[in-house]
Amino acid sequence: MSDASELFHRRGIHAVEERLSTAPDPRALAAFDAYVDDAVSTDGGCAFLNAAGELPSDHPAQDVVRAHKRAVRRLLADFVAQDCPDLVDTAAVSDEVFLLLEGAIAHRGIDDGDALMARARERAERLLGPR
């Protein structure tokens, strides 16, 4: 694991944590907004997913990718559990929100505009329940 890739992970996860921690409930939705607001860095999709797809599975940077994705997934799970305790299965819902977010980010590098990101956010909002 290189120092540069580890620093990139720490900066990225810190920015997501900070944004979500101050967002209104359900805070997990702020992750979608963050990627739209930071369009410059996500126009090519997710740097971590791009690296995972380009590097061999045994490359040391894959550990950073896995750590970053686990951290985002865990963060979303924590916020879903805290903000939506009435859900029957917060773990399953948070996984779905995570996958919606990941798919939407990946397509930022393929599709023009934020239509898919908006649809993914709307679906996540429905999954998280009425407020």
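## Exercises: cysteines, core and helix packing

C84 is buried, at a relative accessible area of 3% (buried means under 20%, exposed over 50%, partly exposed in between; 1.4 Å probe, protein chains only). The model is predicted: local features need pLDDT of at least 70, side-chain atom pairs count only at pLDDT 80 or more, and totals for chains, interfaces and linings use all residues. Residues are numbered from 1 along each chain as its sequence is written, and side-chain values use heavy atoms, without hydrogens and water.

**Exercise 1.** Classify C46 as buried or exposed, then state how many disulfides a search of the whole structure finds.

*Solution.* Start with the area. C46 has a relative accessible area of 7%, so C46 is buried. Next, apply the disulfide test: a pair of cysteine sulfur atoms within 2.5 Å. The search finds 0 disulfides.

**Exercise 2.** Describe the largest nonpolar core.

*Solution.* Define it: buried Ala, Val, Leu, Ile, Met, Phe, Trp, Tyr and Cys residues joined through side-chain atoms within 4.5 Å. Count: the largest has 33 residues, and F32 and L101 are among those with the most contacts inside it. Now take F32. Its contacts (heavy atoms within 4.5 Å) include V97, L101 and M117, leaving out residues up to four places away in sequence.

**Exercise 3.** Which residues of α4 meet α5?

*Solution.* On the α4 side, list F48, L49, A51 and A52. Their partners in α5 are Q62, V64, V65, H68 and K69.

Technical notes. Helix = DSSP H or I, 4+ residues; strand = E, 2+ residues; numbered from the N terminus.
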